[in-house]
Amino acid sequence: MAEAEKDQTDTPAPKGRLARLRAGLGAGAVQTGAVLARWRRAIGAELRAGLTTIRLKGPGQVQFWLIALVIGIVAGLAAIGFRVSILALQELFYGVDDFTLASHLAELHWGWVVAIPILGGLAVGLILHRFTPDGRAQNLASVIEGAALRDGRVQKRVGLASTLASLITLSTGGSSGREGPVVHLGAVISSWVSNVIHADGITARDLMGCAVAAAVSASFNAPIAGALFALEVVLRHFAVHAFAPIVIASVAGTVVSRLQMGNVTEFILPVNMLGFYEELPAFTILGLLCGFVAYAMMRAIFIAEDAGDYVARITRMPKWLRPAVAGALLGGIAISYPHIIGVGYETTEAALTGNLLLWEAIVFAITKCIAVAITFAGRMGGGIFSPSLMMGALTGLAFGAVATTIFPGVSGTETLYALAGMGAVAAAVLGAPISTTLIVFELTGDWQAGIAVMVTVSLASALASRLVHRSFFLTQLERSGVHLAGGPQDYLPATISAGRLMRALGADNGPSESQLSDLVAQGVFVAPNDTLEKALPLLDKVGVLPVVRQATDGSGPEILGAVYHVDALKAYARALAETAREEHS
């Protein structure tokens with residue numbers, strides 16, 4: 001006891017205010033450090049729990065909204081970076097940006113007008129030849145395919161190469177748009193995040209929808225249309241669980257855009273007045289006309305692609321040279337018609353403000369259609385949305401010039417027809433009447449012409465969807481053997497492999513080799529990697545289908561097992577049920 005008291009007396013007590021303060025700070029620092037350590041452990045545990053919740057329970061959880069916000073910001077920054085890069089490179093190569101490019105090219109020496117697209121095409125060809133399997137820049141169709149068939153993922157290496165190729169194309173004279181590349185870039189970002197958190201298909205698709213919505217809204221300053229575009233075009237459903245995170249990402253992308261570019265509409269229009277009831281029949285006719293124009297534009301692209309494939313095959317043209325040849329053709333056209341170069345905002349705005357004559361609108365539309373077809377046939381990259389806006393504005397202006405001349409007493413302005421035509425052709429090409437209508441409103445800030453735009457958009461979309469497989473992108477996929485246009489009942493069999501459903505040879509409930517040998521001898525069998533898309537038509541006839549692996553030593557096929565019709569139908573029914581559950585959750 002005495003020793004304890006001695007120890008206490010030997011320890012000098014702090015004296016004075018400064019000493020007491022130092023002692024208190026020392027004790028407080030220890031306590032604060034302990035508290036911060038506990039907070040760090042708690043936050044780390046919550047983040048790990050949040051990611052686990054997202055992986056297991058999907059995007060219906062609140063934790064998912066934070067990831068949607070982050071993806072929206074990143075995708076928005078990527079879209080703005082892509083747009084700013086186009087403007088910077090155009091000023092480097094041409095000396096002006098896209099808003100005055102057509103006027104400037106008329107004064108530029110013809111040698112530069114031809115040389116720049118050739119050099120740009122050569123760079124694009126080398127990039128795509130090095131980093132893509134088929135020398136083709138991927139676009140929005142690949143994103144739609146990734147959402148439907150690849151658990152919400154796209155190829156990252158190919159996607160980045162395609163984005164770079166499209167950037168060069170749009171900066172050096174390619175006649176396409178920027179929305180396809182920014183959407184694909186957003187999908188690359190979401191695919192990386194999905195892989196990091198090991199997201200399942202539903203979660204990854206919604207992450208992709210968030211990235212697409214942010215990219216579109218940032219690119220066009222259109223938050224409402226960006227969210228609906230992701231739902232209508234990419235996910236192709238309007239499930240409630242996907243709506244909140246996609247809207248959050250879309251708003252985040254818009255905020256990023258407005259902080260960088262300002263809150264301004266893409267096009268400044270004069271006041272449009274609709275003659276209402278008397279003028280609606282004219283917009284009905286314009287809608288049908290725009291449907292045919294959209295179909296003609298899509299058919300021209302597909303015909304040009306087939307012609308390009310034929311020419312490349314008979315001439316044995318290297319893949320890397322094909323974009324340069326297309327660039328030479330574009331440069332040659334641009335000598336007389338410089339409006340075909342680039343995205344075409346200057347010409348679109350001239351049409352929307354009525355600053356073109358009737359013959360100019362018609363000739364410009366025809367040459368633009370040819371230039372877009374050459375760009376796609378040359379595999380140069382870029383999107384189709386901006387060219388379709390320009391085609392629609394020119395079509396609407398030409399129609400409006402005729403309508404207002406024939407019926408001057410009941411007609412509104414030519415520019416109102418240009419606005420309605422712009423939305424109608426774009427909606428018909430994209431197969432997205434809802435989001436395209438809203439994009440047109442948000443691009444122009446003109447909400448007074450809503451009835452006219454809705455009439456033309458609905459009729460054009462209805463007509464064009466009967467002439468192609470729903471849209472330009474779904475028709476592209478159909479041409480490559482991917483059947484998404486008909487809905488889940490058509491594409492889900494392609495997601496289920498025969499090897500996954502196979503009953504092994506010699507198993508308790510499996511087939512015997514004698515049952516399968518005759519079918520193999522007749523050539524009726526599938527490989528383990530073949531899907532139900534191939535197997536179901538055969539199973540409808542034989543009921544049981546051998547699964548065969550081809551031997552590498554030339555000894556003949558090896559029977560691994562068999563797929564039974566009942567197993568295939570059960571797997572197909574489960575896939576349909578899961579898809580319906582996702583789309584209605």
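**Reading side chains**

Reply: Let us begin with a charge over a ring: the charged end of R503 sits over the ring of Y564, 4.3 Å from its centre. The term applies if NZ of Lys or CZ of Arg is within 6 Å of the ring centre and within 35 degrees of the ring normal. The charged end of R130 likewise sits over the ring of F131, 5.0 Å from its centre. This is a predicted model, in which local features need pLDDT of at least 70 and side-chain atom pairs count only at pLDDT 80 or more, while totals for chains, interfaces and linings use all residues. Residues are numbered from 1 along each chain as its sequence is written, and side-chain values use heavy atoms, with hydrogens and water left out.

Me: How many aromatic pairs are there?

Reply: A pair of aromatic rings is described by the distance of the centres and the angle of the planes. Rings of Phe, Tyr and Trp (its six-membered ring) pair if their centres lie within 6.5 Å; planes under 30 degrees apart count as stacked, over 60 as edge-to-face and the rest as tilted. The count here is six aromatic pairs.

Me: Why is the pair of F283 and Y417 stacked?

Reply: It is stacked because the ring centres of F283 and Y417 are 4.5 Å apart and the planes stand at 10°. F283 belongs to helix α12 (residues 280–315) and Y417 to helix α17 (residues 414–430), 134 residues apart. Helices (H or I, at least four residues) are DSSP runs, numbered from the N terminus.

Me: Is F283 buried or exposed?

Reply: Buried means under 20% relative accessible area, exposed over 50%, and partly exposed in between (1.4 Å probe, protein chains only). F283 has 0% relative accessibility, so it counts as buried. Y417 is buried too, with a relative accessible area of 0%.

Me: Which parts of the chain does the pair of F302 and F472 tie together?

Reply: F302 and F472 are stacked, with 5.5 Å centre to centre and 10° between the planes. Because F302 lies in helix α12 and F472 in helix α20 (residues 472–479), the pair ties together parts that are 170 residues apart in sequence. F302 is buried at 2%, and F472 is buried at 0%. Ring pairs also join F302, F376, F472 and F473 into a cluster.

Me: Which residues have the most contacts inside the largest nonpolar core?

Reply: In soluble globular proteins, nonpolar side chains tend to be buried together. A nonpolar core is a set of buried Ala, Val, Leu, Ile, Met, Phe, Trp, Tyr and Cys residues joined through side-chain atoms within 4.5 Å. The largest one has 146 residues, and those with the most contacts inside it are L140, V143, V212, I246, I384 and F472. Helix α17 gives the most to this core, with 13 residues. Apart from it lies another core, of 14 residues, including L101 and M380.

Me: Where is T132, and what does its side chain reach?

Reply: T132 is in the loop between α5 (110–131) and α6 (140–149), and its relative accessibility of 7% makes it buried. A polar atom of its side chain lies 2.4 Å from the backbone oxygen of L128. The side chain of T132 also reaches the backbone nitrogen of G135 at 3.1 Å.

Me: How many disulfides does a search of the whole structure find?

Reply: A disulfide is a pair of cysteine sulfur atoms within 2.5 Å. The search finds zero disulfides.

Definitions and conventions:
Helices (H or I, at least four residues) and strands (E, at least two) are DSSP runs, numbered from the N terminus. A polar contact is a pair of N or O atoms within 3.5 Å; within protein, one must be able to donate a hydrogen and the other to accept it, and residues adjacent in sequence count only if both atoms are side-chain atoms.
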